[in-house]
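Please look at the sequence and the structure shown below, and keep both in view while you read the briefing.

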Number of protein chains: 2
Amino acid sequence: MTAYAEMSRQELLKEQELICQRFEKLRDQKLNLNMARGKPGKAQLDMVSEGLFNIFKTPRDYISDGIDCRNYGEMAGLPAARRLFAELLGCRMEQVFAAGNSSLQLMYDTISKAYTNGLLHSERPWCKEEHVKWLCPVPGYDRHFKITESFGFELVTVPMTENGPDMDAVEAAVRDPQVKGMWNVPKYSNPDGIVYSEETVRRIAALKPAAPDFLLMWDNAYCVHEFEGEFVPFPDILSECAKAGNPDMAFEFASTSKITLPGAGVACFACSQANMDHMKKLMSVQVISFDKMNQQRHVLFLKDKAHTLALMRRHAEILGPKFRCVTDALEKEITPLGIASWQRPKGGYFVSLNAMPGTARRTLDLCKAVGVTMTAAGATFPYGKDPQDSNIRIAPSLPPREELEIAVEVLCTCLRLSALEKILK
Amino acid sequence: MTAYAEMSRQELLKEQELICQRFEKLRDQKLNLNMARGKPGKAQLDMVSEGLFNIFKTPRDYISDGIDCRNYGEMAGLPAARRLFAELLGCRMEQVFAAGNSSLQLMYDTISKAYTNGLLHSERPWCKEEHVKWLCPVPGYDRHFKITESFGFELVTVPMTENGPDMDAVEAAVRDPQVKGMWNVPKYSNPDGIVYSEETVRRIAALKPAAPDFLLMWDNAYCVHEFEGEFVPFPDILSECAKAGNPDMAFEFASTSKITLPGAGVACFACSQANMDHMKKLMSVQVISFDKMNQQRHVLFLKDKAHTLALMRRHAEILGPKFRCVTDALEKEITPLGIASWQRPKGGYFVSLNAMPGTARRTLDLCKAVGVTMTAAGATFPYGKDPQDSNIRIAPSLPPREELEIAVEVLCTCLRLSALEKILK
């Protein structure tokens with residue numbers, strides 16, 4: 001195979017004809033495949049569900065540290081659930097608030113409370129600010145961007161590097177007092193799968209934002225989610241911030257959505273003691289207590305970090321081959337053509353691919369026409385607008401292996417077709 | 001027994017001496033009893049928990065209407081859960097949004113979204129309004145009042161009558177465009193246990209508020225919660241509002257917290273189709289999906305309205321005697337003295353007692369001193385301030401029968417003591 005850049009017009013036209021034929025053939029199969037979202041596949045659900053839902057054997061199992069999980073109380077969550085998350089995240093139990101089924105909801109609520117009531121160090125609720133800006137490393141997670149967009153903040157992009165966000169850009173940006181916060185998925189970032197380097201984490205923890213209530217949103221969604229190789233230890237952002245003199249800057253989030261079950265797991269946030277006191281006061285207005293029975297179910301099922309990591313290795317046995325299926329196919333078929341680049345992540349739920357500029361939307365439209373749904377073009381950028389029209393997020397977790405192989409064949413075909421259209425135009 | 005009002009000073013002093021002795025004796029028992037919150041008792045939890053938590057027998061039980069409850073999706077809840085709530089509330093399934101474990105959280109979120117984004121008919125988000133007023137029938141539910149207080153609204157009290165809120169006062173109040181909404185617990189109101197009359201419901205549905213986005217908060221917390229007598233049918237507020245030309249005025253709320261388990265149940269809201277579309281758009285920013293496994297658990301356990309009402313009769317067998325224990329003791333000991341009045345509710349979770357004005361706080365302080373915790377004085381009024389210092393909320397559900405008897409003895413003793421102090425001062 002020759003790189004497209006080195007082909008003659010003649011050769012490119014011939015290639016286009018061949019790929020068109022392949023495209024037609026795929027379309028004739030009337031496929032209906034989905035690589036749009038980071039949804040675990042059925043094999044993962046089956047692996048977890050039986051053990052999880054038959055965990056209560058005797059009435060004693062309803063009691064945790066003397067607390068009857070079946071009644072109101074313990075707004076900040078079962079101590080045992082808080083201990084479990086503290087061990088997973090490397091922070092202290094008192095810093096953890098164990099809540100309901102959704103970390104996204106906790107993130108939304110944190111920002112919503114900043115907007116309606118203000119954070120610990122806010123001079124006023126953010127709804128009373130003239131203008132709020134927010135830092136968004138790109139490519140990033142569309143649901144994060146949507147939250148801050150829904151409150152009317154101006155989303156300011158920061159480029160991602162292989163070590164995390166471009167810290168020179170971040171350090172410069174936070175000198176603006178209107179910049180009130182920043183999104184982060186620090187380990188196996190969504191979608192790049194990048195692990196922030198220790199230096200990046202240190203520089204983030206040591207930021208000197210002009211806003212006294214700068215909010216570092218630390219979505220540690222993939223804290224134990226390696227699908228290749230051993231568990232990778234990662235610095236605890238809360239102690240890093242405390243060491244750097246920013247004890248109240250960070251709110252960390254995690255959930256068991258991709259440890260046990262998506263949408264039926266337990267989520268938490270972690271923060272400084274002062275932030276915890278502030279948030280508890282605000283949250284006591286909103287909720288009596290979260291579902292402690294589901295917390296207890298998870299405590300009994302996951303037990304501790306070692307046991308959780310053993311479960312994650314079983315997830316990896318299912319997920320690893322799916323990711324390799326995608327990256328191997330891309331390497332084999334796309335690398336020689338020089339029309340796209342991508343990371344080869346070792347954890348998380350995505351492969352982020354950069355297609356030839358100006359071809360991402362067209363590629364995904366072509367995929368759609370063949371029956372393969374992918375994350376919408378532009379989704380990894382604020383306001384859904386990728387200035388390069390290049391980034392494509394691949395989520396290989398949901399389809400079974402045999403469907404995945406076809407889906408990737410479709411993707412490769414459509415990448416080639418849109419690149420050829422672009423070059424030949 | 002003679003009414004205190006008819007006793008001579010001599011007789012009152014002698015009575016005081018006797019009651020003081022009784023008080024000392026009770027204090028010597030070093031009690032630790034709680035009638036503060038509407039928490040179900042252990043017998044109720046035991047009745048529910050085994051069946052509820054061993055409900056999944058085969059992998060087919062994870063599937064509802066073809067939906068795998070173990071994965072993301074169906075933000076508005078399982079169709080089967082929405083159908084169940086629709087049957088309980090007497091509305092249509094499409095009007096129901098089945099969510100997480102807390103109706104309080106849904107109420108908070110509804111008002112929070114009015115504040116941050118605005119409701120369907122809002123001219124602007126409420127955070128951009130100069131001043132927001134809110135109608136609070138009193139006595140009422142402290143957690144309701146706290147929500148609207150936390151957004152800085154001015155809480156305007158409306159007196160309760162035996163048929164619900166004083167509708168002349170409500171109709172007059174809503175002519176003020178700053179009045180943006182009203183709290184309601186329409187069936188077995190918290191704390192009075194009053195069931196709004198049909199005329200009250202009709203007049204509420206036909207309100208002509210000056211605010212185009214007036215929000216009728218309809219917390220139907222005790223929709224099937226009779227503990228005495230048969231199930232009492234109740235008008236569907238959504239169709240009443242639609243008939244009266246106010247289709248988008250009401251948001252109704254309910255949960256299974258006191259049908260299955262407090263904090264581990266399923267909550268819902270119900271509203272017009274137009275409101276549903278508006279809320280879905282806003283909520284899709286906040287959450288991917290709620291815990292459908294818990295929804296499915298409840299669908300399989302509760303089945304339908306008839307089966308749910310049968311379960312409620314078993315709750316009634318436990319709760320009824322507890323309520324009678326309280327009201328019988330009050331009638332026997334307090335009625336002849338003429339120092340307090342109360343309702344005799346047939347459902348809900350509370351008995352609301354009006355002590356001699358100026359004695360509620362003192363009564364509860366005395367109870368506390370003997371080791372009996374009750375809802376704080378003033379809690380049933382906005383800002384925790386009962387202008388009469390008279391209302392006391394009794395929650396008889398949590399203590400076992402034998403503890404309850406002592407707790408009520410304590411309450412009667414303290415009511416008498418504080419009344420005597422007041423009269424003799």
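The model is predicted, and local features need pLDDT of at least 70, side-chain atom pairs count only at pLDDT 80 or more, while totals for chains, interfaces and linings use all residues. Residues are numbered from 1 along each chain as its sequence is written, and chains are lettered from A and ligands numbered from 1 in the order in which they are written.

**Sheet and helix**
- In chain A, the strands β12-β13-β15 form, in this order, an open sheet of 3 strands with antiparallel pairing, where strands (E, at least two residues) and helices (H or I, at least four residues) are DSSP runs numbered from the N terminus, and two strands pair if DSSP finds at least two bridges between them.
- The edge strands, each pairing on one side only, are β12 (340-342) and β15 (391-394) of chain A.
- Strand β13 (residues 351-355) of chain A pairs with β15(A) over 4 bridges in the antiparallel sense, and S352(A) stands opposite R393(A) in β15(A).
- Helix α12 (residues 360-370) of chain A packs on the sheet and touches β13 and β15 of chain A; contact between two residues is taken as C-beta atoms, placed from the backbone, within 7 Å.

**Two domains**
- The domain assignment, automatic or from a database, divides chain A into domain 1 (4-45 + 309-424) and domain 2 (58-303).
- Between these domains of chain A, 26 residues of domain 1 are in contact with 28 residues of domain 2.
- On the side of domain 1 of chain A that touches domain 2 of chain A, α11(A) gives the largest share, 7 residues.

Notes
Axes fitted to C-alpha atoms, helices over the stretch in contact; angles between N-to-C directions.
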